[in-house]
Amino acid sequence: MTSLDKPTTEETSADTSADDARAVTEAALFEAFGGVRGMVETVLPGLLFVSIYTVNKNLHMSALAALGVALVMVVVRLVRRDTVKHAFSGVFGVGFGVVFAMMTGNAKDFYLPGMLYTLGLAVAYIVTAMAGVPLIGLMLGPVFKENLSWRTRNPGRKKAYTKASWAWGLILLAKCAILFPLYWWADTTQLGWVLVALKIPPFLLAVYLTWVFLAKAPPPIDVFAEMEAEERAEEERKAAAGGVVDGPRGGRPPGGTLDTPPGRGAP
């Protein structure tokens, strides 16, 4: 390999920076959306409900089993002192589904709150993207320690967040376009199994597209690091100002001794 063929230091560092940016993006997305465990906690209650209902058609047993497993997952996270936001969201979703189904006596209504939430979330993604404040940026900004700096200081990331929000909104709308007709026309077991099957694939597609958009975007501006740097600089300025003020008071007066004024010798 000649010297012309060898990668330069700049090219190597650029590749390393790009790899680091991708790794940071992957880790942040994994944290924000719960990873594998979060997906399991999302799928398991609905899977248990439709499995039991398919076997015995008992609404009460199916609903209570789903709610019970959701509560167990929360307790496990609390015992292990893990993040509970994904488990708690699952409990609330299952809880609303149980209430709806028990009130109406229709087992399909167990899925209705989650379907309405998905529709509302899809609309929110699209509306915020059109308004220039993409929801995915509001969600991931704190995770990347950039808060809302992408809105005014990092247009490349704002563009990426807008694309990602459009992707999430359209994917969730497509999911709703499948589920709501089934809610009206299909029976409980058919709706339940289709809903379980559609839990993970659309989610993974949306996460993947988000990763693609953000991996190509400029790196985030770490506003927390900037604030810490400003605080350190302010402390250094105060320390320097204090040294200037205190210096003439503590030392030997210029031109004389501590006991005699300048210009006069000792008696």
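This report walks through the fold and the aromatic contacts of a predicted model.

## Overall fold

The protein chain is helical in its elements: there are 11 helices and 0 strands. Read from the N terminus, that gives α-α-α-α-α-α-α-α-α-α-α.

Of the chain's 267 residues, 37% count as buried. Take the contacts with a separation of 6 or more, and 70% of them come from residues 24 or more positions apart. The accessible surface is about 16000 Å², with 66% of that belonging to carbon and sulfur atoms.

## Aromatic pairs

A pair of aromatic rings is described by the distance of the centres and the angle of the planes. This structure has 9 aromatic pairs. One of them joins Trp150 and Tyr161: the ring centres are 5.3 Å apart and the planes sit at 65°, over the 60-degree cut-off, so the pair is edge-to-face. Trp150 belongs to helix H7 (residues 149–152) and Tyr161 to helix H8 (residues 155–185), and the two are 11 residues apart.

Are these two partners buried or exposed? Trp150 has a relative accessible area of 0%, so Trp150 is buried. Tyr161 also counts as buried, with relative accessibility at 0%.

Elsewhere, ring pairs tie Phe49, Tyr53, Phe110 and Tyr111 together into a cluster.

## Charges over rings

Which rings have a charged side chain over them? Tyr183 is one of them: the charged end of Lys108 sits over its ring, 5.5 Å from the centre. Phe144 is another, where Arg157 lies over the face at 4.9 Å from the ring centre.

Methods:
Residues are numbered from 1 along each chain as its sequence is written. This is a predicted model: local features need pLDDT of at least 70, side-chain atom pairs count only at pLDDT 80 or more; totals for chains, interfaces and linings use all residues. Side-chain values use heavy atoms; hydrogens and water are left out. Rings of Phe, Tyr and Trp (its six-membered ring) pair if their centres lie within 6.5 Å; planes under 30 degrees apart count as stacked, over 60 as edge-to-face and the rest as tilted. Helices (H or I, at least four residues) and strands (E, at least two) are DSSP runs, numbered from the N terminus. Buried means under 20% relative accessible area, exposed over 50%, partly exposed in between (1.4 Å probe, protein chains only). A charge sits over a ring if NZ of Lys or CZ of Arg is within 6 Å of the ring centre and within 35 degrees of the ring normal. Contact means heavy atoms within 4.5 Å. Accessible areas come from the Shrake-Rupley method with a 1.4 Å probe; for residues, only the protein chains shown count as cover.
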